[in-house]
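Please read the following report alongside the sequence and the model.

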Amino acid sequence: SMNNNFVGSVLDSVSKLEMLSLLDVSGNRFNGSIPESMRKLKKLILIDLSHNTLTGSISGSMIAGMKNLQIYLNFSNNFLTGNIPTELGKLEMVEAIDISNNNLSGGIPVTLQSCINMKSLDLSGNQLSGSIPQEIFPPLDQLTSINFSKNQLDGDIPESMANLVDLTSVDLTHNKMKGLIPESFGNIWVL
């Protein structure tokens with residue numbers, strides 16, 4: 001298996017490739033944390049670090065540096081901890097965010113309402129708590145898929161989700177939410 005220093009230095013070295021637009025290192029054995037130096041990758045339009053053994057938290061300043069992401073950000077299937085950084089809201093062009101199957105905690109940041117081009121949002125399989133913020137959804141009218149399953153979310157299902165006319169898939173199973181699904185939501189829901 002690889003040691004921390006080697007892997008840390010790989011992602012650190014990648015940070016020097018400031019013209020890089022696509023970075024996919026999914027399905028390796030990368031461990032250690034995601035270096036903050038990756039904030040220098042300002043030209044990235046896609047980043048996929050999924051299916052590794054990465055630990056530590058997601059740096060907000062690193063995410064802020066990636067505000068030109070257009071396709072997707074995928075940090076899923078790692079061992080990341082800490083809160084979801086509010087800076088994800090700076091990714092105004094990104095079409096998909098997948099940070100599922102980690103150990104992220106805290107709430108869902110309201111700032112996600114700024115990701116107005118997002119079509120798919122997957123936060124499933126974490127330790128997220130609190131209620132789903134009402135304010136997130138009215139601006140996110142491109143969303144086709146939402147997966148918040150397998151968390152510790154409680155409270156009511158936001159009425160504002162009913163206005164997402166392009167939704168084809170919603171999964172809120174395995175949470176602590178209560179309340180009925182408003183009829184206006186149709187039958188796309190897996191709860």
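## Basis and overall composition

A contact here means heavy atoms within 4.5 Å. Among contacts in the protein between residues at least 6 apart in sequence, 55% join residues at least 24 apart. This is a predicted model, in which local features need pLDDT of at least 70 and side-chain atom pairs count only at pLDDT 80 or more, while totals for chains, interfaces and linings use all residues. Residues are numbered from 1 along each chain as its sequence is written, and side-chain values use heavy atoms, with hydrogens and water left out.

The protein has 2 helices and 13 strands, taken as DSSP runs numbered from the N terminus (helices H or I, at least four residues; strands E, at least two). Of its 191 residues, 46% count as buried, that is, under 20% relative accessible area with a 1.4 Å probe and protein chains only.

## The nonpolar core

The largest nonpolar core has 48 residues, such a core being a set of buried Ala, Val, Leu, Ile, Met, Phe, Trp, Tyr and Cys residues joined through side-chain atoms within 4.5 Å. Helix H1 (4–14) and helix H2 (60–65) are the elements that give two or more residues to this core.

Ile99 is one of the residues with the most contacts inside the core, a group that also includes Phe75 and Phe148. Leaving aside residues up to four places away in sequence, Ile99 touches Phe75 and Leu123, among others, as well as Ser76, Asp122 and Asn126.

## A parallel sheet

An open sheet of 3 strands runs in the order E7-E9-E11 with parallel pairing, where two strands pair if DSSP finds at least two bridges between them. Strand E7 (105–106) and strand E11 (152–153) are the edge strands, each pairing on one side only. E7 and strand E9 (residues 127–130) pair over 2 bridges, and Gly106 stands opposite Leu128 in E9.

Notes. Buried < 20%, exposed > 50% of the residue type's maximum accessible area, 1.4 Å probe, protein only.
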